[in-house]
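This report is meant for someone meeting the structure for the first time.

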Amino acid sequence: MKAIKLLGHSKLRIEDVPDPVPDDQSVIVKVRATGVCGSELHGFKGDASHIGATLNGGHEVVGEIAWAPKGSAFKPGMRVGARVVQGCGQCNFCRQGDETACEQKKYYAADGHAELFKLGLQGVHVLPDDVDWPAAVLLSGDGLGVPVRCARRLGDTAGKKVVVLGLGPVGLSCVVVQAFRGAEVCGADVSPYRVKLAKELGAKEAVNVASESIQQRVAEWTKGQGADIVILCVARAESMALAFELVRRHGTVFQVAELQEANMKLGDWFLRKEAFLTGSWYYTSSDWPLMLQMHRAGLPYAKLVTHVMPLAKAQEAYDVFVAGETGKVVLRES
Ligand SMILES: [Zn+2]
Ligand SMILES: [Zn+2]
């Protein structure tokens with residue numbers, strides 16, 4: 001089969017690789033579409049030293065089941081999406097549907113930008129009939145999964161003022177989810193394209209932080225109080241300090257960005273301001289029902305997909321995504 005290999009230095013190659021080998025714990029999916037995700041960009045842009053022989057980063061996969069083990073709940077031809085972080089199925093976390101907390105979790109996340117994809121049975125989500133392949137990439141993957149898990153952990157945000165810092169696909173998806181749940185949303189980014197898209201997805205306010213002071217805009221918008229919630233969707237250490245500058249006293253900063261370290265002003269943030277900091281990673285089987293429910297209720301997330309390109313044009317797709325003039329970029333079968 002054909003598969004992408006990320007080579008680092010902003011290059012990739014389409015290679016012929018062996019088909020995945022079936023086993024009784026997995027299905028083989030004929031891939032119809034895959035999402036290009038910000039989490040792959042270190043592999044795309046990096047120096048290639050850490051890139052394994054088959055790693056191509058694809059983990060937001062949808063398609064039809066090509067093969068399923070006998071006696072499983074799945075049949076060839078079923079339209080499915082992939083949850084690629086799966087647990088042991090036995091521990092307390094797994095039993096309550098929080099597989100990302102499982103000590104023995106497994107990843108099926110290395111090689112989804114390909115013609116076929118092997119997926120553990122536990123992570124097979126059967127898609128509703130009324131979703132097309134590009135939108136299904138968001139619906140059944142972390143594109144919607146991360147914002148929905150964030151929303152579940154934040155609880156009722158109706159009427160609250162929520163700032164979303166960073167408007168990549170996950171930030172934009174947080175905008176659409178929070179607006180749909182009745183929050184007043186302010187999106188912020190340096191890309192004029194993404195600032196405009198945030199407005200179209202339901203943001204009341206949208207700030208280009210390259211040309212405008214976000215501190216001033218949020219102060220005016222909240223009458224000097226600060227935002228109730230700031231969702232951090234940009235992995236820059238200084239953005240954590242900005243988030244605590246923008247959040248009100250007793251407010252919440254919620255981290256979804258892959259930010260590993262930041263300087264903390266503990267006294268200012270947690271003593272004087274009595275603010276909260278929490279976050280979430282990926283999504284789990286317990287988030288899937290709400291993802292489906294929001295789809296059925298008309299969540300306009302499909303607008304977030306701005307580019308659909310064939311696998312054969314993957315280099316162009318990554319280049320356009322890196323340039324920042326996109327919402328979600330989806331690769332479809334060639
Ligand atoms: Zn992703
Ligand atoms: Zn477990």
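Two strands are taken to pair if DSSP finds at least two bridges between them. The model described here is predicted. In this model, strand β10 (residues 161-165) and strand β13 (residues 227-232) pair in the parallel sense over four bridges, and V163 has V230 in β13 as its bridge partner.

Both strands belong to an open sheet of six strands, in which the order is β12-β11-β10-β13-β14-β15 and the pairing is parallel. The edges are taken by β12 (205-208) and β15 (276-279), each of which has a single partner strand, so one side of each is left without a neighbour in the sheet. From one strand to the next, the twist averages 20°.

| Helix | Strands it lies across | Angle |
|---|---|---|
| α4 (residues 142-154) | β13, β14 (247-255) and β15 | about 145° to β14 |
| α6 (residues 192-200) | β11 (184-189) and β12 | about 175° to β12 |

Another group of strands involves β17. Strand β16 (residues 305-310) pairs with β17 in the parallel sense over five bridges, while strand β3 (residues 26-36) pairs with β17 in the antiparallel sense over four bridges. V330 in β17 is the bridge partner of G35 and also stands opposite V308. Together with helix α11 (residues 314-322), β16 and β17 make a right-handed β-α-β unit.

Why is strand β17 (residues 328-332) described as largely enclosed by the rest of the structure? The reason is that four of the five residues of β17 are buried, where buried means under 20% relative accessible area.

Definitions and conventions
Residues are numbered from 1 along each chain as its sequence is written. Chains are lettered from A and ligands numbered from 1 in the order in which they are written. This is a predicted model: local features need pLDDT of at least 70, side-chain atom pairs count only at pLDDT 80 or more; totals for chains, interfaces and linings use all residues. Side-chain values use heavy atoms; hydrogens and water are left out. Buried means under 20% relative accessible area, exposed over 50%, partly exposed in between (1.4 Å probe, protein chains only). Helices (H or I, at least four residues) and strands (E, at least two) are DSSP runs, numbered from the N terminus. A crossover is right-handed if, with the strands pointing away from the viewer, the path from the first strand over the helix to the second runs clockwise. Axes are lines fitted to C-alpha atoms, for helices over the stretch in contact, and angles run from 0 to 180 degrees between N-to-C directions. Contact means heavy atoms within 4.5 Å.
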